[in-house]
Amino acid sequence: MPTFGNAQLKLLEKLCNIIAVSGDEGEVRKIVFEEIKPYADEVKVDALGNVLATRFGRGRKRMRVMLDAHMDEVGFMIVADDGDGIYRFEMVGGIDVRHLVGKQVFVGRERTPGVIGGKPIHLMDTNERTRKVPLDSLRIDLGLTGKAKVSDRAGFATRFRRAGPSILSKSIDDRIGVATVIELLKHAPSNIDLCAAFTVQEEIGLRGAKVAAQYFNPDLAIAVDSTPANDLPVFEGGENMTYNTKLGLGPAIYIADGSTLHDPRLIRLLHETAEAKKIPYQFRQPGGGGTDSGAIQRSLAGIPTVSVSVPHRYTHSPISIARVDDWKNTLNLLHAALKRISPALIATR
Amino acid sequence: MADILPFLKSLISVSGLSGFEAPVAGLIEERWRPLVDEISTSRVGSLHGLKKGTSSRPGTKSEKKPRPSVMIAAHMDGIGMMVTKITEGFLHITNVGGIDVRVLPGAQVTVHASRGEELPAVIAMPSAKLLPESAGDGALSINFLLVDTGLTPREVSRKVRVGDLVSFANEPMELAGELISGHTLDNRASIAALTVCLEELQSKPHLWDVWAVATVQEEVSYLGAYGSAFELRPQVAIAVDGTFAKGPGANGWQTFPLGKGVGLCIGPNMHPFLHKKLKELAERLEIPWFLDVTPAHSGTDAYPMQTTAEGIPTALVEFPIRYMHTPVESVSMKDIQRAGRLLAEFIVSLELDFVETIVWE
């Protein structure tokens, strides 16, 4: 079992604080590369920028198991220069525009500080105060002499922090998955060949995962991601029936989402492992949404795939919240499940 | 003169919401203490720093009048939020001062728990599925937003109670072109300007007494400025506050370019003679300035000071703030220096008979 402590949290902090918007994942790629190099038997960066690492097991009849986590995060791209340090931007990935006004950002590889401002409330009528601010009226302001390049990426400037049992950070989706797969590669059980795919461009269409699966041609795959927990109270009282997942209940095992019916054999593996090892787990409410598993499952001749997520609140916003224990239990569940994988697992339906 | 930026950064790194200004008042007191002769706190919490003038009035002992005084005032309170209800560990909030609800979703905040702990938290925008249809899909009313500390419901109910404060918690950010950005620069930037003024006065003799005042509760009721003007009864009062900077979404006649000088306000809250004197002085010193007009109420401490006791001749010195009342208010450090210097030079220019020279036409 991998140990879980300060070193793992430090790695997650480092991964969360850097900015790697879809299509510009270089900063995460660098850290992933450094972390896994001593442990991987083969590593390559492919044509899209995926980091693909293999660690071979020992013995006969080893299954090729692909573990996937996406390196990219939602963010912004600078698209036009309005002069005097003011820049227009577009969103990369699904962000609710209502999360943007009054937020701090970093722009470009130099992490130039900037802000997304808003018109003073004093200069608005009541009507305007209650409307959402459309994207085309928002700007990134780098200060009077600030400079950015059109095409620079930008992300929220939120700093990772701990609060009681929780983590408050941007980009928990999916740096927590990246950190998980790094740890699993470091502690790969020897019964399998572990194929770790640190993928690009998940947030804009699962692009990296598709080619990664085609490269590895695995026997089965597990997408490790972070899924929303909408476990907030219902305003008018009553039971919250659409929570998706809840913080604190452990790793969320997918059964069905908007793009994938996950492989029942792998679902069984995960929940039987959790039961046997007494690791808390939850089933994500079947419904919409999706992860890299959608792209992986439909690659090549079809790949048995399941998805496991660490729940987090406030997805694609400047600050998300996740529970340290949920992460720890996700790591433990996956590690224990990997050890139980054998050809028999998928020999029959 | 010492760089004022580190002090200003410290001022916007602490809370001090209207009515609960103690955290910031402590920082200001510490900074002002060596710059003034006496420092005290008013009955409602405003900070009074007295820097004595050098004049002693001529005349016989019985006729001797007290030294005239000028009050320079900037409010130290900031806007924020307060806990109204706790549901399953989530905090419902209301506003303290003029909050723009559109900046709240995803904002970093600190919950000042009544048991003395400062809890980092985030303002959550619940998904539409959890809200009544009346919530709409526009900017959500503050009633629908929740504060999440990341703690368990049990921990929250142990630590937090209704009435606890919630303040913005994003860190100060320096932007290119000598700008500082953060929450509560309205009006901590003016506290910095007052401090610049006090520092300038260390080497410049002035005849008048100077009351540097950091007022409370400007954002809700002007309580501090009313009380301090009444208690100190200055002959002349000057408020220092922010006005609107030009920037994305703000380009009307009420807005002024950032970093291009200080604003001298004219309107019913201001005595035209003081305005004229400040204007002449700015021109003589080549301090760039612009004319800001307020047709009725300036919305600053100038109003309470002007209407205190039998009335006090009042002026308003300003500098532009971009994105006012958002957590990313931005201000030019140059403008702050200019405002501080203009205040100091004005104080130095005050002759003993200045009040008698004040005329209307």
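**A helix and its surroundings**

A: A:Asp174 is found in helix H4 of chain A; helices (H or I, at least four residues) and strands (E, at least two) are DSSP runs, numbered from the N terminus. This is a predicted model, in which local features need pLDDT of at least 70 and side-chain atom pairs count only at pLDDT 80 or more, whereas totals for chains, interfaces and linings use all residues. Residues are numbered from 1 along each chain as its sequence is written, while chains are lettered from A and ligands numbered from 1 in the order in which they are written.

The peptide bond that leads from A:Asp173 into A:Asp174 is cis, with omega near 10°. Most peptide bonds are trans, and most residues other than glycine have a negative phi.

Helix H4 of chain A covers residues 172–186 and packs against helix H8 (residues 324–339) of chain A at an angle of about 40°, with the two axes 10 Å apart. H4(A) is therefore oblique to H8(A), since angles under 35 degrees count as roughly parallel, over 145 as roughly antiparallel, 65 to 115 as roughly perpendicular and the rest as oblique. Axes here are lines fitted to C-alpha atoms, for helices over the stretch in contact, and angles run from 0 to 180 degrees between N-to-C directions. The crossing of H4(A) past H8(A) is right-handed; a crossing has that hand if the near helix is turned clockwise from the far one by less than a right angle, and is left-handed if the turn is anticlockwise.

Two residues are in contact if their C-beta atoms, placed from the backbone, lie within 7 Å. H4(A) contributes A:Ile176, A:Thr180, A:Glu183 and A:Leu184 to the contact, and H8(A) contributes A:Trp327, A:Thr330, A:Leu331, A:Leu334, A:His335 and A:Leu338. The residues of this contact divide into six nonpolar, three polar and one charged, where Ala, Val, Leu, Ile, Met, Phe, Trp, Tyr, Cys and Pro count as nonpolar, Asp, Glu, Lys and Arg as charged, and the others, Gly among them, as polar.

Eight strands of chain A form an open sheet with mixed pairing, in the order S1-S2-S12-S3-S13-S16-S14-S15, and two strands pair if DSSP finds at least two bridges between them. Strand S1 (42–45) and strand S15 (282–283) of chain A are the edge strands, each pairing on one side only. Within the sheet, strand S2 (residues 51–55) of chain A runs antiparallel to strand S12 (residues 192–199) of chain A, and five bridges join them; A:Leu52, for instance, has A:Ala197 of S12(A) as its bridge partner. H4(A) packs on this sheet and touches S2, strand S3 (63–70), S12, strand S13 (220–228) and strand S16 (305–312) of chain A, with a direction that makes about 145° with that of S13(A). H8(A) packs on the sheet as well, touching S3, S12, S13 and S16 of chain A, and its direction makes about 160° with that of S16(A).

Looking at the whole of chain A, an automatic or database domain assignment gives the domain bounds, with domain 1 taking 6–73 + 170–346 and domain 2 taking 75–156. The C-alpha centres of these two domains of chain A lie 31 Å apart, and their contact takes 11 residues from domain 1 and 12 residues from domain 2. On the side of domain 1 of chain A that touches domain 2 of chain A, there are four nonpolar, three polar and four charged residues.

Chain A also holds a closed barrel of six strands, which runs S4-S5-S8-S7-S6-S9 with antiparallel pairing. Seven bridges join its antiparallel strands S4 (residues 75–83) and S5 (residues 86–92) of chain A, and A:Ile78 has A:Phe89 of S5(A) as its bridge partner. The loop between S6 and S7 of chain A includes A:Arg111, which has a positive phi of about 55° although it is not a glycine.

Finally, the contact between the chains takes 51 residues from chain A and 57 residues from chain B. On the side of chain A that touches chain B, the elements that give two or more residues are strand S6 (103–107), strand S7 (112–116), strand S10 (161–163) and strand S11 (166–169) of chain A, and the largest share, three residues, comes from S7(A). By class, this side of chain A has 21 nonpolar, 20 polar and 10 charged residues.
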